[in-house]
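I opened my notebook and went through this structure one stop at a time. Here is what I looked up, in the order I looked.

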Amino acid sequence: MDRNSRRDFVKILGGVAGVLSISPSIETVAKELDKKLYHIPQIPFDEDVTKNEDYWVWVQQSYTISPNVINFNNGGVSPQPVIVQDALDRYNRLSNEAPSYYMWRTLDEGREGLRLKLADLAGTSPEEIAINRNATEALETVIFGLNLKKGDEVVLTKQDYPNMIHAWRQREKRDGIVLKWINLDLPSEDIEYLVRKYEEQMTDKTKVVMITHLINWCGQLLPAKQISQMIRRKNKNIYILIDGAHSFAHFDFKIPDLEGDFFGTSLHKWLSAPFGTGMMYIKKERISEIWTMFASDNPQSSDIRKFEVLGTRSFPTEMATGYAVNFHNAIGSLRKQKRLHYLKNYWVEKAMNIKGFSVQTSLHLDFSGAIATFALKGMTVADLSSALFKKARIHTTGINWENINGVRVTPHVYTQLKDLDRLVDTIYHISKEI
Ligand SMILES: Cc1ncc(COP(=O)(O)O)c(C=O)c1O
């Protein structure tokens with residue numbers, strides 16, 4: 001590694017210590033934790049490590065993965081690397097020495113440092129980032145915070161996430177807004193088709209369009225930027241809400257690239273931050289238009305912090321999230337995206353030779369990442385998922401949602417190739433027994 005790259009590493013890894021230099025004891029905790037990250041392999045940032053298993057062993061060893069279960073439901077929620085677990089544990093212990101002193105007088109200030117780190121990763125201004133507990137909270141804050149009146153139309157798809165669908169349905173019942181439904185035929189590698197499906201549901205009354213960036217059921221990546229551009233060409237004032245629960249820290253992009261107004265994500269998914277962490281982006285000029293879910297002294301303010309009046313919350317969790325960003329940056333967004341895509345294609349391409357196997361996910365880098373959903377002819381989703389667990393302790397999730405039926409398999413950066421080989425082998429043996 002050359003001197004510049006090494007300096008970059010040190011800069012990234014030293015970030016949290018800088019942010020935390022509030023009291024000597026917190027600084028000590030941060031320094032101790034940072035030391036552990038210096039075991040990163042010395043590889044230049046520009047080297048393509050997608051298939052370099054020596055590199056990924058370091059990542060695998062950074063997690064505390066069970067040797068007894070092969071976890072292929074990282075799409076639900078991700079484990080945390082040990083550095084994040086340690087930070088959570090240390091800050092929790094520190095907080096327990098004098099909760100209101102450490103949490104409200106010192107750790108509380110760490111949120112501003114975290115905001116800077118997240119904004120840097122997201123490519124936004126820190127003044128556009130609110131830190132909260134999950135994608136549901138972020139997206140529902142916008143759904144319930146928008147000024148909409150009877151007859152206003154919202155465009156969404158049947159393949160969106162249930163929590164968001166329920167929130168819109170509640171507004172439909174309560175406020176008389178009109179929901180205009182798209183039914184997507186997936187997988188698709190046809191940008192024109194995907195954009196057209198949204199366009200077809202738009203009218204003069206359209207006020208909001210919701211786009212799920214990565215569809216959780218089958219791992220379809222939607223061309224959010226092209227959909228946004230089509231919407232803007234029609235009417236600049238339409239609000240664009242992007243559900244990025246599965247795309248943030250999974251794909252290498254910056255939130256403003258998508259050209260939406262709002263973006264909500266969970267950080268306990270692809271960022272591997274502590275459970276119960278999320279983030280909301282609101283374009284600066286839109287902040288004052290959105291009412292808060294939990295009232296603040298000035299609900300129409302243009303300060304993004306008005307969305308953080310949640311009452312008492314876990315400060316250790318927020319502090320540990322900074323370490324998850326460090327860990328992610330140490331790998332790098334592009335490296336991570338390429339590796340996740342490689343892992344998915346690695347097993348799917350092998351499994352395609354199995355009789356009766358079908359996959360409901362694209363293999364193309366522009367339309368997919370780590371998630372794939374598959375079926376075996378002649379077997380129900382529930383039986384297939386339980387056979388994988390019984391035969392090889394492979395944990396997956398069964399999907400039966402609208403027009404998507406199959407077993408969803410989601411590896412993560414710590415996944416070993418031999419576990420994917422085991423998956424393919426087990427699918428083969430199950431197929432022989434049908
Ligand atoms: C597309 C999508 N949106 C939103 C969510 C909600 O995430 P959370 O439960 O972390 O709020 C999920 C969860 O899996 C999801 O897949």
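**Entry 1: I177.** I started at I177, which sits in the loop between α8 and β4. The model is a predicted one. Is I177 buried or exposed? I177 has 3% relative accessibility, and the cut-off for buried is under 20%, so I177 counts as buried. Next I listed what I177 touches, leaving out residues up to four places away in sequence. The list reads L148, K149, G151, D152, V154, W168, R171 and E172. I also checked a distance, C-alpha to C-alpha, from I177 to A351. They are 174 residues apart in sequence and 45 Å apart in space.

**Entry 2: two pairs across the chain.** D120 is exposed, because its relative accessibility is 59%. From D120 to V325 I counted 205 residues along the chain. Their C-alpha atoms are separated by 9.9 Å. G322 came next, in helix α11, residues 315-331. G322 counts as buried, because its relative accessibility is 4%.

Entry 3: I looked up how the chain is divided. Domain 1 covers 111-324 and domain 2 covers 334-433. The contact takes 30 residues from domain 1 and 26 residues from domain 2. Their centres, taken over C-alpha atoms, are 28 Å apart. How much area do the two domains bury between them? The value is about 2200 Å², with 59% of it on carbon and sulfur atoms. On the domain 1 side, E189, W217 and W270 lose the most area to domain 2. Together these three account for 29% of what that side buries.

I then counted the links between the domains. There are zero salt bridges between domain 1 and domain 2. Twelve residue pairs are in polar contact there, both residues at pLDDT 80 or more. On the side of domain 1 that touches domain 2, α8 (162-175), α9 (191-200) and β7 (220-221) each supply at least two residues. I sorted the residues of that side by type: 14 nonpolar, nine polar and seven charged.

Entry 4: Which peptide bond is cis? I found the one from L186 to P187, with omega near 5°. P187 is in the loop between β4 (178-182) and α9.

Then I turned to phi angles. E259 is not a glycine, yet its phi is positive, about 65°. I placed E259 in the loop between β8 (239-243) and β9 (262-266). E259 counts as partly exposed, because its relative accessibility is 27%. R393 is not a glycine either, and its phi is positive at about 55°. R393 lies in the loop between α13 (381-392) and β13 (394-395). Its relative accessible area is 41%, so R393 is partly exposed.

**Entry 5: salt bridges.** How many salt bridges does the structure hold? I noted 27. I looked at three of them in turn.

The pair D48 and K338 has its closest N and O atoms 3.6 Å apart. D48 is in the loop between α2 (24-37) and α3 (53-61), while K338 is in helix α12, residues 333-351. This pair links distant parts of the chain, 290 residues apart. K338 is partly exposed, because its relative accessibility is 31%.

D89 and R93 meet in a salt bridge at 3.5 Å, N to O. Both are in helix α4, residues 82-97, four residues apart, so about one helical turn separates them. D89 is partly exposed at 37% relative accessibility. R93 is exposed, with a relative accessible area of 55%.

R115 and E308 also meet in a salt bridge, at 2.7 Å, N to O. R115 is in helix α6, and E308 is in the loop between β10 (278-282) and α11. They are 193 residues apart, so I marked them as another link between distant parts of the chain.

Notes:
Residues are numbered from 1 along each chain as its sequence is written. This is a predicted model: local features need pLDDT of at least 70, side-chain atom pairs count only at pLDDT 80 or more; totals for chains, interfaces and linings use all residues. Side-chain values use heavy atoms; hydrogens and water are left out. Domain bounds come from an automatic or database domain assignment. Contact means heavy atoms within 4.5 Å. Buried area is the accessible area (1.4 Å probe) that two parts lose on being put together, summed over both. A salt bridge is a side-chain nitrogen of Lys or Arg within 4 Å of a carboxyl oxygen of Asp or Glu. A polar contact is a pair of N or O atoms within 3.5 Å; within protein, one must be able to donate a hydrogen and the other to accept it, and residues adjacent in sequence count only if both atoms are side-chain atoms. Ala, Val, Leu, Ile, Met, Phe, Trp, Tyr, Cys and Pro count as nonpolar, Asp, Glu, Lys and Arg as charged, and the others, Gly among them, as polar. Buried means under 20% relative accessible area, exposed over 50%, partly exposed in between (1.4 Å probe, protein chains only).
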